[in-house]
Amino acid sequence: MTVYARYVALGDSQTEGLGDGDDVTGHRGWADRLAEHLARANPELRYANLAVRGRLAAQIRAEQLAPALALRPDLATVMAGMNDLIRPGCEPAAVARELEEMYAALTGSGAHVVTVTFPDIGKIAPVARPLRPKVLDLNARIRDAAARHGVTVVDTFAMEFVTDARMWGTDRLHASPAGHARIAAAMAHSLGLPGSDDTWMRPFPPLPPAAAWRTATAELRWFASFAGPWIGRRLRGRSSGDGRTAKRPELTPWVRPAVPPGPG
């Protein structure tokens, strides 16, 4: 088993931890949860999280790659591309080139890199169903690029539980606390960390079918609360990450918060 000492996370809002806590108490998220797991194997672990919400793959490469390399990680995670996919005119090939540049540079520096494929987002938010071909295209390119550079892929696209509503927060864009916990468990399992196993793959218990009117009401509420404001920001050229910086820009010892946001 490899013991990691310097873990750096690159990405956007998922890696920052949105959906698992809030801006007042702090965002925990899967990367923090993975760092906690890593620290059980090595209490001397040092951890940095360079992720910033709203960032596109090219911005993550431009803003986070050089600082990550300067930290000389022996483990890095890269989760990027979803913000690109949900924007009009996204070209999966261009997104994959940005990802591959990060994979190549990080593995070339000696880091073990872990990345992910993306779920069928049309099953999470029906309005996104037309994007399925682009998700499939990008996922295939991620697998190919990862294979070229020896990157570990947590490949969850075909797993039904990934699109279960309980994996996602009310905005359907960010993982719920339970979702973040599963992503962290998947990462830990892919790394063969002590205490990790494949229980993260298990489906959630079945739910009773919802009445059609409840489903329709939920869709309208979601659009008014989340999709509409997101579209408005895009039209104004704004991003949720405007003015924000990384929550953990330096490698520091991992210490679990005294009162962590979210369960688990």
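1. Aromatic pairs. In this predicted model, rings count as paired if their centres lie within 6.5 Å, and by this rule there are three aromatic pairs.

2. Tyr 7 and Tyr 47. The ring centres of Tyr 7 and Tyr 47 are 5.2 Å apart and the planes are at 15°. Planes under 30 degrees apart count as stacked, so the Tyr 7 and Tyr 47 pair is stacked. Tyr 7 belongs to strand E1 (residues 6-11) and Tyr 47 to strand E4 (residues 46-49). The pair thus links distant parts of the chain, 40 residues apart. Both Tyr 7 and Tyr 47 are buried.

3. Phe 161 and Trp 200. Here the centres are 6.2 Å apart and the planes are at 75°. Planes over 60 degrees apart count as edge-to-face, so that is the class of the Phe 161 and Trp 200 pair. Phe 161 is in the loop between strand E7 (152-154) and helix H8 (177-190), while Trp 200 is in the loop between H8 and helix H9 (212-235). The pair therefore ties together parts that are 39 residues apart in sequence.

4. Burial of Phe 161 and Trp 200. The cut-off for buried is under 20% relative accessible area. Phe 161 has 5% relative accessibility and so counts as buried. Trp 200, at 7%, also counts as buried.

5. Arg 182. This residue lies over the face of Phe 161, at 4.8 Å from the ring centre. Arg 182 also lies over the face of Phe 204, where the distance from the ring centre is 4.1 Å.

Methods
Residues numbered from 1 in each chain as written. Predicted model: local features only at pLDDT ≥ 70, side-chain atom pairs only at ≥ 80, totals over all residues. Heavy atoms only, no water. Phe/Tyr/Trp six-rings, centres within 6.5 Å; stacked < 30°, edge-to-face > 60°. Helix = DSSP H or I, 4+ residues; strand = E, 2+ residues; numbered from the N terminus. Buried < 20%, exposed > 50% of the residue type's maximum accessible area, 1.4 Å probe, protein only. Lys NZ or Arg CZ within 6 Å of the ring centre and 35° of its normal.
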